[in-house]
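Thanks, everyone. Let me put the structure up, and then I'll walk from one residue out to the fold around that residue.

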Amino acid sequence: MAILPAFAILAEDNSDKEFLSIVLRRYYQSDNMTIKGKGYGGCSEMLRKGQRDVEAWLRKGVGRFVICHDADKSSPDSVYTDVIKRIVQPAGLERVCCIVVPVEEIEAWVIADEEAVCHVIPTFLFKGHHNPETISDPKEWLIAKSRAANGKPLYSPATFNPAVARHLRLDVVAKKCQSFTRFLGDLDFLR
């Protein structure tokens with residue numbers, strides 16, 4: 001397999017950045033690929049500082065970019081357009097970036113593979129969801145579903161999202177989440 005150029009990931013927070021780093025390495029079957037990245041303090045900070053960070057990574061020789069912005073309550077198309085206008089175009093990125101817009105949040109992708117969740121948290125008897133992109137707040141939904149008998153949640157995104165990514169069945173998530181299918185398609189383009 002050819003050596004891939006360095007990637008940089010811009011994500012709303014560190015757990016999303018770590019999750020995407022693991023998925024990238026698994027998808028490209030390359031544990032030693034170079035991935036830079038930054039988790040911001042939310043989407044507004046990423047949109048404000050993303051151009052500056054992309055330009056700095058370009059100067060350091062980073063060749064590919066993954067920019068992840070949750071759809072939350074917005075239309076994925078409007079989020080995509082906002083990322084183009086506020087980060088991609090001003091930084092001069094054209095064909096070397098993948099814009100990832102999970103519907104509603106990256107936790108919908110976590111919910112899509114109940115086996116990965118149960119593997120990471122064996123005490124959580126998680127049944128999954130047949131269409132996780134229809135859940136209005138996947139992160140809160142997953143936390144609520146994970147509440148143990150004592151009322152404390154077993155699942156914490158910052159702790160478990162990267163661990164779940166290591167066990168995620170990419171094909172299963174792609175079948176349940178169109179945004180994940182688009183993400184994988186864009187990764188093919190970045191080879």
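Start with the contacts of Phe180. Leaving out residues up to four places away in sequence, Phe180 touches Val23, Trp109, Glu133, Leu170, Val173 and Ala174. Keep in mind that this is a predicted model.

Is Phe180 buried or exposed? Buried: the relative accessible area is 0%. The cut-off for buried is under 20%, so Phe180 qualifies.

Where does Phe180 sit? In helix α9. Now take Lys17 as a reference point. Phe180 and Lys17 are 163 residues apart in sequence. In space, their C-alpha atoms are 15 Å apart.

Next, the helix pair. Helix α1 covers residues 14-28, and helix α9 covers residues 178-189. Their axes come within 11 Å. They cross at roughly 55°. That angle makes α1 oblique to α9. The crossing of α1 past α9 is right-handed.

Which residues meet there? From α1, we have Leu20, Val23, Leu24, Tyr27 and Tyr28. From α9, we have Phe180, Phe183, Leu184, Leu187 and Asp188. By class, this contact of α1 with α9 has nine nonpolar residues, no polar ones and one charged. Asp188 in α9 is among the residues of this contact, and Asp counts as charged. Phe180 is part of the contact too, and Val23 is one of the residues that Phe180 touches.

Now the sheet. Four strands form an open sheet. The order is β2-β1-β3-β4, and the pairing is parallel. At the edges are β2, residues 35-39, and β4, residues 97-100. Each of these edge strands pairs on one side only. From one strand to the next, the twist averages 10°.

A word on what holds strands together. In general, the strands of a sheet pair through backbone hydrogen bonds, either parallel or antiparallel.

Look at one pair here. Strand β1, residues 7-11, pairs with strand β3, residues 64-68. The sense is parallel, and there are four bridges. As for Ile9, its bridge partner in β3 is Val66.

Last, how do the two helices sit on the sheet? α1 lies across β1, β2 and β3. α1 runs at about 145° to β1. α9 packs on the sheet as well, touching β3 and β4. The direction of α9 makes about 175° with that of β4.

Notes:
Residues are numbered from 1 along each chain as its sequence is written. This is a predicted model: local features need pLDDT of at least 70, side-chain atom pairs count only at pLDDT 80 or more; totals for chains, interfaces and linings use all residues. Side-chain values use heavy atoms; hydrogens and water are left out. Axes are lines fitted to C-alpha atoms, for helices over the stretch in contact, and angles run from 0 to 180 degrees between N-to-C directions. Angles under 35 degrees count as roughly parallel, over 145 as roughly antiparallel, 65 to 115 as roughly perpendicular and the rest as oblique. A crossing is left-handed if the near helix is turned anticlockwise from the far one by less than a right angle, and right-handed if clockwise. Contact means heavy atoms within 4.5 Å. Buried means under 20% relative accessible area, exposed over 50%, partly exposed in between (1.4 Å probe, protein chains only). Two strands pair if DSSP finds at least two bridges between them.
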